[in-house]
Structures are given as structure tokens and as C-alpha cells.
Amino acid sequence: MTGVPASAAGGSSGARGAASGRTGADGAPGAAGTSGHGPGAADREAQEPTGGKPPRGGKIAAAAVNQASVWNVANLLTMLRLLLVPAFVFLMLANGGYDPAWRSFAWAAFAIAMITDLFDGHLARTYNLVTDFGKIADPIADKAIMGAALICLSALGDLPWWVTAVILGREIGITLLRFLVIRYGVIPASRGGKLKTLTQGVAVGMYVLALTGWLATLRFWVMAVAVVLTVVTGLDYVRQAIVLRRRGIAERRAALEESEA
């Protein structure tokens, strides 16, 4: 993949200096002000003549570049994860939802979705494949596959509904919280958040499989650890959001007082 040309990333030199717009392991949105694959200020100045008017066809060409940049490897992996959601649900509920063979196929779909989640964000950051589509679709794909798995497990009676409510409530709540405070800054994905994501994936994957004996006992404890990490890291992100908001308000107030003085 090292041979990916710059045009695949939107043909913009501005994108190379931008922060990643993809979410991290815990669903963190990109930094405020990133513009996906749009041209940077230097590119726009170089394209505009002295009179400030863009060259004929410039907007059309820029739109064509942006449209083409959506079809990159990172976004294709995200689209694959979205397509795997209905496939997973079908496999999970096939033949009543308790057939070990169908559950194994469902586990394979879930595992592929979790693995591609690791790669699409890495590719987007490494090869500057950041797009507005990726910023929106990536967190949706993350929550969709995990939510589908949890709801299916609870509907089949394999997992208590309160566990599903805690995990999904935390994931949706923290994602909304990040976007509410993004004007003040970005809450980075912590090591605890990454460990939580990994533990959740392992625990849910073990519940998807028709395990018995000591493996069934083991998955219970893995899920217990995942729930604890879900709650603890969620509270930590709330704390970070409060601190970030207070700091941002203080900085704006100080800047306003300085400008008035």
C-alpha cells in the first residue's frame, strides 16, 4: 500500500498536514477544522489568478477530485463493515438462532468487521485517505456491528438486556458528548478506551459462538471486565469533556477581555 499516489488522498497538499478525520479505537472524531480531502489554502491561492477569480472549470475539477477520493481503500473497508451488519444479523438468527454452525458463520462475519475496524482507520491516517464520508461512516459502522451483536444476543436470551443497555448507552452517549465539545477541542482515545474496545470485541465474539463448559464461564468473566471498563472509561471521558469545556470557555473569555482592552 506504500505506492498509493497522492491523488488517492484527494490530491491535496493540505490533507497531509491535517489531523486524522477518522475515529480512533474508542470512536473519537477528528480534530475540528479538518476538511477531509479539500484543497488547502496554499493550493487555492496557487490556482486563483491575480483577480481572485478561480479559473474556468476549477470548481468542477475540484468536485470531481473530491468525489473520486471517496473510493479509497479505507472507505471501502468501512462500507464492507456496514454491509456485514445485515449479513451478521441474518446468520445470527438463522435456524432459530441456536444452531452452532450458523453461529460460527455469524462469528466469522463479526470477526471480519472487528479486524477491518483496525485497518481502515490506520490506512486513512497513514496514507492521508481522510474524507468527510469516512468521518461520518466510520463511527456509524463501529456502533452498528457492535449494537447488532448485543441486541441479537439479548433477544436470544444469551446476554442480559441491562448489559446491552449499559454498553450501547455508553457508546452513543460518549460519541454525542465528543461532538458537543468538539468546538473546544478533541478528546483523544485513551489506552483504557482502546482496552475497552478490545475486551468488548472478544467478549461479544465469545458470546456469539455456542460455547459450553469452562469456555462459557470464561466468557462471562470477560464480559464482566468489558462492562467495568465500559463504565469506568465512560466516566473518565465525561470528566475530560468537562475539563475541556471549562478550559475552552476560559480561553475565549480571556481572549475577549484582551481584545476589549
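1. Arginine 103 has a relative accessible area of 4% and is therefore buried, a term that here means under 20% relative accessible area, with exposed meaning over 50% and partly exposed in between (1.4 Å probe, protein chains only). This is a predicted model, in which local features need pLDDT of at least 70 and side-chain atom pairs count only at pLDDT 80 or more, while totals for chains, interfaces and linings use all residues. Residues are numbered from 1 along each chain as its sequence is written, and side-chain values use heavy atoms, with hydrogens and water left out.

2. The side chain of arginine 103 meets that of aspartate 158 in a salt bridge, at 2.8 Å from N to O, where a salt bridge is a side-chain nitrogen of Lys or Arg within 4 Å of a carboxyl oxygen of Asp or Glu. Because arginine 103 lies in helix α5 (residues 100–126) and aspartate 158 in the loop between α6 and α7 (161–180), the pair ties together parts that are 55 residues apart in sequence. Helices are DSSP runs (H or I, at least four residues), numbered from the N terminus. Aspartate 158 counts as partly exposed, at 24% relative accessibility.

3. By this rule, the salt bridges come to seven. One of them joins the side chains of arginine 81 and aspartate 138, at 2.6 Å from N to O; since arginine 81 belongs to helix α4 (residues 73–93) and aspartate 138 to helix α6 (residues 132–155), this pair ties together parts 57 residues apart in sequence. Arginine 81 is buried at 0% relative accessibility, and aspartate 138 is buried at 1%.

4. Glutamate 171 and lysine 196 also form a salt bridge, with their closest N and O atoms 2.8 Å apart. Glutamate 171 sits in helix α7 and lysine 196 in helix α8 (residues 191–208), so the pair ties together parts that are 25 residues apart in sequence. Glutamate 171 is buried, with a relative accessible area of 8%, and lysine 196 is buried, with 2%. Elsewhere, salt bridges that share partners join Arg81, Asp117, Asp138 and Asp142 into one network.

Conventions. Helix = DSSP H or I, 4+ residues; strand = E, 2+ residues; numbered from the N terminus.
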